[in-house]
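Visitor: I have a model open and would like to go through it. Can we start with how the helices pack?
Guide: Fine, here it is.

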Amino acid sequence: MRQDKPGVLLVNLGTPDAPTPAAVKRYLKQFLSDKRVVDVPRIIWWPVLRGAILPLRSPRVAKLYASVWMDEGSPLLVYSKRQRDALAKLTDMPVALGMSYGNPSLLSGVDELLEQGVTRLIVLPLYPQFSSSTVSAVWDGLHDIFRSRRTLPDIQLIRDYATHPGYIAALKDSVERSFAQHGKPDVLLLSYHGIPQRFANQGDDYPLRCEHTTACLREALGMNEDELIMTFQSRFGREPWLMPYTDETVKSLPEKGIRHIQVMSPGFSADCLETLEEINEQNREFFLHAGGEKFEYIPALNDDELHIRMMLQLVNSER
Ligand SMILES: C=CC1=C(C)c2cc3[nH]c(cc4nc(cc5[nH]c(cc1n2)c(C)c5CCC(=O)O)C(CCC(=O)O)=C4C)c(C)c3C=C
Ligand SMILES: [Fe+2]
Ligand SMILES: [Fe+2]
């Protein structure tokens, strides 16, 4: 009989190797060439990407990365490695990390497990809310690895965990710690990464999954729709993205008398450029500039104990 040896592959988006224009350009080139992320016909997109986006965006974004870079590297990678190590301590299954773009690659993560004799991959993309732009890109990445091989392990892909009780409990705990430390704000704002509205019109249920998380957390915290609101951040390009936009909302709150907000980004399992810079630097500035008085950013779940325990539950349910 063929033996069964499961192993866990944690996947996240990926990040540049260094906060330099050259490294950011390499990363953005791979990321923004993925049709799951930008689906403009290649004949139109490639000249725009190579001629305008990469040369203009890379130096600007490299400076933003430099402002959040940690001694050990890019925050997303630092926290992802801590998650991998913490989960590995709680399970007897081998655990590896692979990124959709950049390093360590999905390929290196898969091979690390196969070299240890793993016959069944339990793939956990660390995106709590499914989107075709993230989770389906992981699916494509796995397919690309095995399309040229004569072997194929069993593969179980965890689609998402937007309403998992362990996830909601970890978020609740994090919010309550923030309330205890800073006081209860006028508004708790949940800011999710956006996607083009068109993707949702074509069937991507990402916005629904975000709403499900928000509804569960509202119920867990006993907050109403005025006290706990949700928005979408990180818009890219000209077409409409999911609304309401985080930046416009944050700018509009002070004139409604809302002076103290706390912001959390439940769609990010690890802190990264989009939370540490876009939320905690840019949107803080927008709020204070518009007349807001107190702004606190609630960190991502990162390697919080409850978060790692939730990951353990998720992968154990696939064993
Ligand atoms: C161009 C379209 C983009 C889509 C669609 C998109 C979806 C999406 N992204 C995340 C999570 C992350 N995105 C991050 C950075 C980032 N995202 C885009 C563009 C799209 N994302 C860009 C161009 C960048 C790079 C930074 C920049 O140039 O502005 C990150 C952080 C990476 C890091 O290194 O810290 C994460 C995480 C989700 C969850 C999502 C869809 C739901
Ligand atoms: Fe993104
Ligand atoms: Fe951004």
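Visitor: At what angle do helix 6 and helix 11 pack, and how far apart are their axes?
Guide: This is a predicted model, where local features need pLDDT of at least 70, side-chain atom pairs count only at pLDDT 80 or more, and totals for chains, interfaces and linings use all residues. Residues are numbered from 1 along each chain as its sequence is written, and chains are lettered from A and ligands numbered from 1 in the order in which they are written. Helix 6 (residues 165–182) and helix 11 pack at about 180°, with axes 9 Å apart. Helices are DSSP runs (H or I, at least four residues) numbered from the N terminus; axes are lines fitted to C-alpha atoms over the stretch in contact, and angles run from 0 to 180 degrees between N-to-C directions.

Visitor: Parallel or antiparallel, then?
Guide: Helix 6 and helix 11 are therefore roughly antiparallel (an angle over 145 degrees).

Visitor: Which residues meet there?
Guide: Gly166, Tyr167, Ala169, Ala170 and Asp173 of helix 6 meet Leu306, His307, Arg309, Met310 and Gln313 of helix 11. Contact means C-beta atoms, placed from the backbone, within 7 Å. By class there are five nonpolar, three polar and two charged residues. Ala, Val, Leu, Ile, Met, Phe, Trp, Tyr, Cys and Pro count as nonpolar, Asp, Glu, Lys and Arg as charged, and the others, Gly among them, as polar.

Visitor: New topic. What domains does the chain have?
Guide: Domain 1 (6–161 + 306–316) and domain 2 (165–298), with bounds from an automatic or database domain assignment. Their C-alpha centres lie 23 Å apart.

Visitor: How many residues are in contact between them?
Guide: 25 residues of domain 1 are in contact with 24 of domain 2. On the domain 1 side, helix 2 (42–68), helix 3 (75–90) and helix 11 (305–316) each give two or more residues.

Visitor: And where does ligand 1 lie?
Guide: Both domains give residues to the shell around ligand 1, so the ligand lies between them.

Visitor: Which residues come nearest to ligand 1?
Guide: Thr15, Ser131, His193, Cys272 and Leu273, of the 23 around ligand 1. The shell takes residues with a C-beta atom, placed from the backbone, within 6 Å. Helix 2 and helix 10 (273–289) each supply at least two of the shell residues.

Visitor: How do helix 2 and helix 10 cross?
Guide: Their axes come within 9 Å and cross at roughly 90°. Helix 2 and helix 10 are therefore roughly perpendicular (65 to 115 degrees). Leu64, Tyr65, Ser67 and Val68 of helix 2 meet Leu273, Leu276, Glu277 and Glu281 of helix 10.

Conventions. Contact = placed C-beta atoms within 7 Å. Parallel < 35°, antiparallel > 145°, perpendicular 65-115°, else oblique.
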